[in-house]
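Hi,

Here is the structure I promised to pass on.

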Amino acid sequence: MKTVCRIWWLGSKPIAFLLWIASMVTSTRATMAQEVGEIFRDCTVCPEMVVVRPGSFVMGSPDMEEGRYADEGPQHEVTIGYAFAVGVYEVTFDQWDACVRGDGCGAYEPSDQGWGRGRRPVVWVNWEDAWLYADWLTEQTGEQYRLLSESEWEYVARAGTLTARYWGETDREQCQYANGYDANGHAEYGFDRDMVGCRDRQPHTAPVGSFPPNGLGVFDILGNVREWVDDCTNGSYEGAPTDGSSWYRGDCTRRVTRGGSWLHDPTELRSAYRRGSAADFRNFALGFRVARTVN
């Protein structure tokens, strides 16, 4: 599309020239945003996004993986033949509250449990809430925001690794990399769960980015909050898509969540772990991150 403009002079400076410079800056940013590994933001209140390259990986866990559940198999190769963008961080209270102020997200204001809002991940949101937020971003930016498919999520979580977690096979280093159920315990919630022997110094959710990112520069993909993805719940990967698309067969009243949370034991803080929850379910350990289609 060609842009035709007339030149008006303001003193000694051509307005058209200044507009051209501004358009070149905008165009350059848009181009850079499509490049693999580039981080961008479509608006001041939008999430930071990073572009992920196309590729193939083996989805699911091997039979010998410690903590494995049966629904993590059979392992199968998935080829994602397109680049896409994923949230660098989980969606925060700041970002959710901006949606509410912008007449989106159903005007729903979830509780922060008294832990604080700001850069902590939003909780008490269900699958439908997550889609309302993605739809609001689409309306604000003209770009296509959505939830990740389950295979896209695992592709991002693994970041090219074959181990149970992106930092390695065991949970011994968990407190260095993720906010999970640690030696502090959470007896006040009546849970009796396995825990790691270290302390991550985060009694509840942590502000996003408090732990190191994985190899794609994505933070908190394991731990902090469980994350909604788009897919319906299935008891195995028999018949699952192999192209990165969402799976709309199975029990679609229940949607998949991934990644474990601050309240979940080490078996759930694994790249292959998956769990189905009612699409209208909300709790204080459940949030999400968004994806965006790129050209």
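Below is what turned up, starting with the ground rules.

This is a predicted model, so local features need pLDDT of at least 70 and side-chain atom pairs count only at pLDDT 80 or more, while totals for chains, interfaces and linings use all residues. Residues are numbered from 1 along each chain as its sequence is written, and side-chain values use heavy atoms, with hydrogens and water left out.

Let's begin with the aromatic rings. Searching the whole structure gives 16 aromatic pairs (rings of Phe, Tyr and Trp, the last by its six-membered ring, with centres within 6.5 Å; planes under 30 degrees apart are stacked, over 60 edge-to-face, the rest tilted). In one of them, Tyr-82 and Phe-84 have ring centres 6.0 Å apart and planes at 55°, so this pair is tilted. Tyr-133 and Phe-288 make an edge-to-face pair, at 5.7 Å between centres and 70° between planes. Because Tyr-133 is in helix α3 and Phe-288 in strand β12, that pair ties together parts 155 residues apart in sequence (helices, H or I, of at least four residues and strands, E, of at least two are DSSP runs, numbered from the N terminus). Tyr-133 is buried at 0% relative accessible area, and Phe-288 is buried at 1% (buried is under 20%, exposed over 50%, partly exposed in between, with a 1.4 Å probe and protein chains only). Both also belong to one aromatic cluster with Trp-96, Tyr-108 and Trp-136.

Cheers
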